Structure formats: C-alpha cells, structure tokens
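Let's look at how two protein chains meet in a structure. Keep the view open beside you as you read.

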Amino acid sequence: MNDFSWDWEAAAEAFPELLRAFVEITLLLTVVGTIIAAVLGLIWALALRELPTPIAKVLAWVLDVIRMTPLPLQLFFVYYVFVELEVMTIAYIVLGVHYSTYMAESYRAGIDSIRKGQWEAATALSLPKSRTWRAVIIPQALRATLPSLGNWSIAMFKDTPFLIVIGVAEMVTQARRFGANEFTYVEAFTIAGLIFLAASYPTAVLMRRMEKKLAY
Amino acid sequence: MELLESLLDAWPQLWSGIQITLGLSLGGAALAFAVAVVLGLAAISEAAVLRGVSRVVVEFFRGTSLVVQLFWLFFVLPQFGLRMDSMLTGIIALGLNYGAYGAEVVRGSLNAVPKAQWEGTTALSMSWATKMRRIIWPQAWALMLPGLNNLMVMLVKGTALALLIFLHDLTFVVDNLRRTEGTYFAFGVGFALYYLISLGFSSILRALELRAQRKLGLKPTKAQTTKATAGAVA
C-alpha cells in the first residue's frame with residue numbers, strides 16, 4: 001500500500017490552474033452550448049409542429065437517434081468528418097446539438113401546456129401564424145419551459161468532461177494532466193469535483209425555486 | 001453486398017464491444033436501481049437523520065459529474081491500496097451517479113402518491129412493509145417508470161466512459177473500425193447499434209410502465225420520458 005496523505009501544497013498549486021480551466025473552458029463551453037441548444041431546441045419544437053407530417057416524423061427520428069447515442073461517439077464522428085474544424089468549435093456544436101434534442105422536448109411540453117383558448121383567440125383576431133407564435137404562444141410557453149432548459153444546461157455542464165476524448169483542455173482534462181505530472185491525483189480530482197459541486201448545486205437549487213415560482 | 005460483407009467481417013470486433021457496453025449498462029443499471037430505491041426511501045423517511053444523509057449523498061453524486069467520480073475511483077482509490085478492475089470501476093461509477101439521479105425520481109414518485117393513500121394505510125394500521133409493498137410502491141412504480149426510462153437511456157450513453165478507463169467498449173471498437181473501414185461506415189454502424197441498444201432498454205421499461213398502469217386499472221398514458229427527468233439530472 002502506498003503512503004497516502006492530502007498534500008496542501010499540491011492542492012494550492014492545482015486550485016488556481018483548475019479554476020482557470022474551469023472559467024476559461026468549462027463555463028465557456030456551457031454558455032455557448034446552452035445558447036446553441038436553446039435556439040436549436042426551439043427550432044426543432046416549432047418544426048415538429050409546423051412541418052408536414054412525414055418530414056416531421058423523419059426529423060423526430062433523427063432527434064431520437066442523436067438523443068440516444070453517446071456524446072463521445074458523436075464527438076469522434078464530427079472530429080473525423082470535419083477535420084478542419086477546431087476542437088472548441090466541434091465541442092460547441094456537438095454539445096449544443098446533443099442537448100437541443102432534450103430542450104426540444106421541454107419546449108414541446110411548454111407549448112402543449114398552452115390552453116386551447118389562446119390558439120382560438122389568436123385565430124379569432126386573425127393573427128398571422130408567425131405573430132401567433134411570436135406574440136402569444138412562445139412567451140407563455142417559455143414560462144413553463146425555462147426551469148427545464150436550465151436543468152438541461154446543468155446536465156450539459158456536467159457532461160463537459162467527456163470532451164477529454166477530443167482533447168479539449170477543460171477542467172477535468174487539466175486535472176488528469178496535473179495529477180499525472182505531480183502524482184497528486186487525489187488533490188486534483190477532489191478539487192475538480194468540488195468546483196463542479198460548488199457551481200452546479202446552487203444553480204440546481206435556483207432552478208427548483210424558479211420551477212415552483214413559475215408554476216401556474 | 002459489399003457493405004454486408006464489411007459488416008460480417010467487423011462483427012466479431014463489434015460484438016466484443018457490444019458485450020462490454022451491455023455489461024456496463026446492465027451492471028450499472030442494477031446498482032443504480034438499488035441505490036435509487038434505498039436513497040429514495042430514505043429521503044421520505046420519518047427519521048431526520050436518514051433524510052439528511054440521503055440528501056447529502058444524492059446532492060454529492062448529482063453535483064460532482066460522472067467523469068470526475070470515475071477518475072476518482074480509477075486513479076485515487078488505488079493510492080489507498082484499493083485496486084479494482086476497470087469493469088467494476090465503471091459499473092460503480094455509473095451506479096452511484098445514475099442511482100443518485102434515480103433517487104430523485106423515486107422520491108418524487110413516492111411523494112406524488114395521493115396523501116389519502118398514505119392515510120388509508122395508517123388507518124388500517126398496516127406495517128411499513130405491507131404498506132409499501134401492497135399500496136404505495138405499486139402506484140409510485142407506475143409514476144417513476146418514465147423517469148427511470150430516460151435515465152436508463154442516459155446510462156447507456158454514459159457507458160462510453162469506458163473509453164477513459166481503457167475498456168474496449170462499442171465506442172472504442174467503432175473508433176478502431178474507422179481506421180480500416182472508413183469513417184462513415186464505422187460510425188454509421190456505431191450510431192445504429194447504440195440506437196438499437198438504447199431503444200431496446202427503453203422499450204422494455206415502457207412495457208413495464210404500461211403493465212404497471214394496467215395493473216392499477218389506469219388508462220395507458222403517452223410516452224413522456226425526458227420531461228420526467230429534467231429536474232433529476234440537474
């Protein structure tokens with residue numbers, strides 16, 4: 001058995017490095033990924049409702065395949081097909097597209113929760129379709145959807161370490177590098193875990209509060 | 001025909017990858033289910049200590065990210081002198097992480113069983129075991145299956161972490177196959193196989209859901225899996 005002890009010096013050395021990787025890469029990935037996922041998700045949700053049935057069915061199936069296959073496989077695929085892309089760009093796209101399939105479901109649930117009277121009123125006022133969506137349905141649907149989008153964003157955040165497979169230098173990749181160089185895996189991974197916890201727990205609590213507050 | 005030949009040639013490799021992926025999925029799911037039920041029941045216990053412990057454990061495993069937990073088990077535990085084989089490490093990481101998510105689904109479903117049902121069992125002075133087995137669990141079970149279904153699909157995707165601890169799972173095999181058979185063939189097969197595996201598990205859980213609803217005399221509901229877990233996985 002090896003000698004084991006927590007080395008405060010190594011921890012003090014690892015912490016700023018990991019925090020920097022966290023802010024510069026992990027958070028950036030989460031923010032950009034979330035924006036892409038939120039926009040694409042809404043587009044999917046609208047397309048699923050507005051496109052002619054056969055095309056909508058194909059789209060729904062494609063989204064299912066993306067939702068049901070692993071991130072690392074999708075990362076590798078995009079990495080080899082679009083060799084000219086930078087790894088960060090690949091990361092944004094794959095995270096964004098992957099989670100857009102979940103967010104589309106959230107939007108759909110939000111849209112389904114709009115009462116029929118709202119649609120009927122829009123028809124009675126002979127609002128054009130685009131204006132009905134923009135001014136009546138989406139603003140109300142968003143209210144029911146936001147906490148759920150937030151939850152998927154947190155889930156995406158916790159999936160960012162999978163980007164290690166294409167060599168994105170996010171926090172956990174850095175922790176492994178640091179741990180291997182200095183033989184201080186304990187400190188590096190413990191700190192990485194605590195940083196994750198410190199960021200995701202308060203956000204998750206906030207989402208739960210928002211969910212209660214925004215519920216009809 | 002050429003495609004079929006390539007597929008037949010690649011099959012032994014693919015099959016060995018599928019076995020690792022399925023092993024991790026089944027082992028991870030079994031452990032996750034046990035963890036979810038224990039933590040979920042503890043979360044609604046009358047003893048504040050149990051509730052507290054359950055809360056802390058659940059929030060810890062939900063909050064620290066699967067890959068970090070995996071690396072902790074894989075790189076740090078050996079420093080304590082505890083060496084586990086990669087497969088077991090993967091199963092434990094998946095089981096604890098998805099078990100914590102599952103505990104939220106179990107807790108939510110138990111809480112969603114109408115209060116009158118709980119009160120009824122008290123009025124009949126049923127023992128805890130009878131109350132759970134005969135009254136509460138069957139109703140909660142029907143409610144929790146959509147959530148467990150989505151978590152199962154996420155767990156199958158999570159098995160790709162095998163790559164990070166040097167297991168030759170389906171993702172590894174596909175990446176290898178790419179070198180000899182080309183990107184599109186290898187990944188086409190990879191996506192199809194993962195989709196079929198996920199769909200298989202999902203269909204089984206959906207069938208269990210319909211059966212649970214039938215046993216309760218409920219009308220079957222539409223499949224709604226992802227909505228059921230957005231809160232649990234955050």
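## Salt bridge and polar contacts

Between chain B and chain A there is one salt bridge, meaning a side-chain nitrogen of Lys or Arg within 4 Å of a carboxyl oxygen of Asp or Glu. The partners are E59(B) and R208(A), whose closest N and O atoms sit 3.2 Å apart. This is a predicted model, where local features need pLDDT of at least 70, side-chain atom pairs count only at pLDDT 80 or more, and totals for chains, interfaces and linings use all residues.

You'll also find 14 residue pairs in polar contact between chain B and chain A, with both residues at pLDDT 80 or more. A polar contact is a pair of N or O atoms within 3.5 Å; within protein, one must be able to donate a hydrogen and the other to accept it, and residues adjacent in sequence count only if both atoms are side-chain atoms.

## Who touches whom

On the side of chain B that touches chain A, α8(B) gives the most, with 10 residues. Sorted by class, that side has 26 nonpolar, 15 polar and seven charged residues. Here Ala, Val, Leu, Ile, Met, Phe, Trp, Tyr, Cys and Pro are nonpolar, Asp, Glu, Lys and Arg charged, and the others, Gly among them, polar.

In total, 48 residues of chain B are in contact with 45 of chain A, contact being heavy atoms within 4.5 Å.

## Chain B itself

Chain B has nine helices and zero strands, with helices being DSSP runs of H or I, at least four residues, and strands runs of E, at least two, numbered from the N terminus. Residues are numbered from 1 along each chain as its sequence is written.

Definitions and conventions: Chains lettered and ligands numbered in written order. Heavy atoms only, no water.
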